[in-house]
Amino acid sequence: MELYYKDGSFQKYCHSVRQSIDANRFNEFAQLGSDEERFRFVNGLRSVVNELRLKREYNGKCMEQAITLKTLGNKAFQGESWNEALVFYNKCYLSTPKENVQEKSIILANRSAALYHLEKYDLALRDIQRALDHQYPKQMMYKLTERKARCYLAKKDHESALEWFKATVTALDDSNLPLERKQKLERDAQIMINLLPKNIEMERKAKAKQSSGKRGGLGGASMAKDQHEQQQKSSVPEHFLDKALWFDYSEAEGRFAKTSADLKPNTILLLERPHVSALLEDYSLDHCSNCFKRVSVPIACPLCSDVVFCSDECERRANASFHRYECGFLPILWGSGASITCHMALRMITQKSSEYFAKLQPELAAGLTNEQIDRLPVNDYRKVYQLVTHEATRTPEDLFHRTLMATLLVSCLTLSDYAPDQASCEYLGGLMLHNLQLLQFNAHEISEMIREKPSDIGKSTFIGGGLYPTLALFNHSCDPGVTRYYRGNQVCVRTVKNIAAGTMVAENYGPLFTQVRREERRETLLNQYRFTCYCEPCMQNWPLFSDMDPSIIRFRCEGGKICSNVLLIPSEINDFMVKCTECGEHTNIMKGLKSLQDTDMLFQTATRLHSAGEYEAALMKYVEMMAIMSEVLVPPYRDYHLCQQGLRACMLEFGNRFTKMVAKN
């Protein structure tokens, strides 16, 4: 990931400061040995003080604009264009200033009405409660109580509906409605108050009868099974690491993932929340800034209009930590051209208190063993502090640019009253510079599958970045054994081929051998990650997918583990048995060809299921196909890699996905 983009203000700032320093002064910087010393040096330059003029500004909140948007929303609502009304109400809500509490309550109430008509009852109930919390006018309260009752009625929660129809009758006493209108609403509510007790009693009797009928026997077992399956579907653990995974170390490769057991395709190896994550600016108003869930009914920050949240809980968490200090500075950060790694470097600090980092200072200096680090929770800064930075191989110019970015980020901390004094600023500036270095090699792009319409194949789209302490330890291969996808900002890592016990479990840092030639892959990896790749496709110079010869089948020698020879067999062959030139064993080619015919049928079925949206069923067919081919074939082979591509495509469907144009019934 880049440090900054060339169309922002940071490039000009960086050039101006660099030009103000003569060769002798810059050489002083080049000789410095620690990040804190580098930060102290650069932050003390007069040119930095003169150039860096930051101001915290809260933009986007404007009551005049909010009223205009509210009027447009009301017009759409009156025309029964519920979705259009929702869009305008969302924009109005985001534009309403914090001090206009009652206006905010009214717009939330209006939004709840649009949500009710869209049959999004839980979301409507949430907005109703928030309107009540924002001093909704007493004389209009009957609207909310009646709508709340109707929501519960639609949800078949008749006891709650009865409670709120009764509240509606009481609330009508405070309304300033014309008598005739008031009496009609009261009659409607009374009808429901008289009717609902009968429904509630009938439901209780039906439930009691159903419960007694299912005690014991097959009915009870079936009910328990249903409950278990429901729990399995709804519960996704916060963190999971397959027991077969462990992390080895070598001087050349650093720490890297290995497996102590044979792994089959479609094995979930890792579920991990990020140590830190941040959204790109383009997705900051349609994804939750805290958890990255896509948001259709946003919760606003009280002060700025730069981010949204999916729930009150996410809003509270963010404003109790990182957003409290970022608020008012995000437009400056985005306008500077700072990359997503810069945003994450800042958030690695702001998501904890300055006191937290002050207490860590002695331990960071002393360092921890790998065993101690592995036992730490994912949100502990020590968990990521010792990840590779390649500091020793960086040029003075690279370090200078990153230190200048650190001064910009620390200025945000200073202006937001995060850092208590100058010494703290210098210590945190050193950490910020350290973060900028480690994120370059360890952060991952968080993606979402986006389609223009349901029939589209979809495109995996970069929406933000995250630092995953365990995933960061996986080394690279141009033929990776795993793929990853995201649920919100949680990463899931699954296998896409057989991985033998005792071997490395590798992911991919960008170029796949099937798409990019070896020279280009190696150049990219060397430039971005500072290593020359020696994975199997690079060592053997495997061909691109387009260059693989479909007329030659790469059979596995049946000599098994004692022979790793590959039998190159023409697809048109009449011999039943072929002798291996290495071990002398014979391999039954006809048996292998029959197996491959079975995979052709499986591939067609898997493709059809995938096109029909039956991703789980399609995935199982690809897994079955992979098992057969792994017994017979040795990669690289076209059908083998087509199967892997199918596996990856299915897995991506289990992660973040969004269709812009929903099909109409």
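Reader: Is the crossing of α16 and α21 left-handed or right-handed?
Author: This is a predicted model. In it, α16 meets helix α21 (residues 422–442). The handedness of the crossing of these two helices is right-handed.

Reader: Which residues of α21 make the contact with α16?
Author: On the α16 side, the contact is made by Thr 341, Cys 342, Met 344, Ala 345, Leu 346, Met 348 and Ile 349. Facing them from α21 are Leu 428, Leu 431, Met 432, Asn 435, Leu 436, Leu 438 and Leu 439.

Reader: How many of the 11 residues of α16 are buried?
Author: Buried means under 20% relative accessible area. The buried residues of α16 include His 343 and Arg 347. Helix α16 (residues 340–350) is largely enclosed by the rest of the structure, because its buried residues number 11 of the 11.

Reader: Which word describes how α7 and α9 lie to each other?
Author: Helix α7 (residues 101–117) packs on helix α9 (residues 141–154) with the axes 11 Å apart and an angle of about 25°. Their crossing is left-handed. Angles under 35 degrees count as roughly parallel. The two helices, α7 and α9, are therefore roughly parallel.

Reader: Which strands stand at the edges of the open sheet?
Author: The sheet has 4 strands in the order β1-β4-β11-β10, paired antiparallel. An edge strand here has a single partner, so one side of it is left without a neighbour in the sheet. The edge strands are β1 (240–241) and β10.

Reader: Which residue in the hairpin of β10 and β11 takes a positive phi?
Author: Strand β10 (residues 482–487) runs antiparallel to strand β11 (residues 490–495), joined by 6 bridges. In this pair, Tyr 486 stands opposite Val 491. The hairpin has 2 residues between the strands, and the one with a positive phi near 65° is Gly 488.

Technical notes
Residues numbered from 1 in each chain as written. Predicted model: local features only at pLDDT ≥ 70, side-chain atom pairs only at ≥ 80, totals over all residues. Heavy atoms only, no water. Pairing = 2+ DSSP bridges. Buried < 20%, exposed > 50% of the residue type's maximum accessible area, 1.4 Å probe, protein only. Axes fitted to C-alpha atoms, helices over the stretch in contact; angles between N-to-C directions. Left-handed = near helix turned anticlockwise from the far one by under 90°. Contact = heavy atoms within 4.5 Å. Parallel < 35°, antiparallel > 145°, perpendicular 65-115°, else oblique.
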